[in-house]
Amino acid sequence: MGLGQSLLGVLALGLLGTVILMMNTNTLDSGSSVETTEYIIMGTSLGISQLERASGKAFDEKTVSSDVASVTSLTAALGKESGETEATFDDFDDYNGFTKQVNGDTVNFRSADFLIRDSVDYVSISGNAVAKSASRTYHKRLRVWVSSAFMRDTLQFSTVYSYWFFR
């Protein structure tokens, strides 16, 4: 075998090695993207479930068993009442300051750990703008943050829950 053929053989092996390395890198990148996407979907599911759970509760502690006709009758301090747990939450603002650690064993999902944090505040609505209100209103906003070491970003969800009183 001459020098030219040996050189072509070495170049062919180098090219083959480069192609194999690029294929492995692409495969690993695709697998990582799929896993990250799965974690984001799971985090989204947890966040939206939290919004839905809260929206199924009464608007305020004062509206659990009766109607209120004035915003001054609504609870001034948002948050759970003493002795309440997540299982006994009965109104929307009980989720203010609520945090929950969800691990992979709870949701049976690749051992991912998620942290859910909630915040509730009174808001005023003007057109499409929602702004935090210093006083009580007939509108409350729940914001939910879902984070995990398996996701790059923290997911944030928000909903506005309004109280309607019909005479």
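In this predicted model, a salt bridge joins the side chains of Lys140 and Asp60, with nitrogen and oxygen 2.8 Å apart. Lys140 belongs to strand S4 (residues 139–147), whereas Asp60 sits in the loop between helix H1 (3–55) and strand S1 (99–102), so the bridge ties together parts that lie 80 residues apart in sequence. Side chains of opposite charge can pair when their charged atoms come close. Lys140 has a relative accessibility of 0% and therefore counts as buried. Asp60 likewise counts as buried, at 0% relative accessibility.

Lys140 has a further partner. Its side chain also meets that of Asp93 in a salt bridge, at 2.6 Å from N to O. Asp93 lies in the loop between H1 and S1 and Lys140 in strand S4, so this pair connects parts 47 residues apart in sequence. Through shared partners, the salt bridges join Asp60, Asp93 and Lys140 into one network. Asp93, like Lys140, is buried.

Lys140 also has an aromatic neighbour: this lysine lies over the face of Phe59, at 4.6 Å from the ring centre. Phe59 in turn belongs to a cluster, linked by ring pairs, that contains Phe59, Phe92, Tyr138, Tyr161 and Tyr163.

The count of aromatic pairs in the model is eight. In the pair of Phe89 and Phe98, the ring centres are 5.6 Å apart and the planes stand at 75°, so the arrangement is edge-to-face; the cut-off for this class is an angle over 60 degrees. Both Phe89 and Phe98 are buried.

The salt bridges number five. One of them is formed by Lys100 and Glu86, whose closest N and O atoms are 3.4 Å apart. This pair links distant parts of the chain, with Lys100 in strand S1 and Glu86 in the loop between H1 and S1, 14 residues apart. Lys100 is partly exposed, with a relative accessible area of 28%, and Glu86 is partly exposed at 27%.

These details may now be placed within the whole chain. Its secondary structure consists of two helices and five strands, which follow the order α-β-α-β-β-β-β from the N terminus. Of its 167 residues, 32% count as buried. Among contacts with a separation of 6 or more, 56% involve residues 24 or more positions apart. The chain exposes about 10,500 Å², of which carbon and sulfur atoms supply 57%.

Notes
Residues numbered from 1 in each chain as written. Predicted model: local features only at pLDDT ≥ 70, side-chain atom pairs only at ≥ 80, totals over all residues. Heavy atoms only, no water. Helix = DSSP H or I, 4+ residues; strand = E, 2+ residues; numbered from the N terminus. Buried < 20%, exposed > 50% of the residue type's maximum accessible area, 1.4 Å probe, protein only. Contact = heavy atoms within 4.5 Å. Areas by Shrake-Rupley, 256 points an atom, 1.4 Å probe, with all protein chains shown as cover. Phe/Tyr/Trp six-rings, centres within 6.5 Å; stacked < 30°, edge-to-face > 60°. Lys NZ or Arg CZ within 6 Å of the ring centre and 35° of its normal. Salt bridge = Lys/Arg side-chain N within 4 Å of Asp/Glu carboxyl O.
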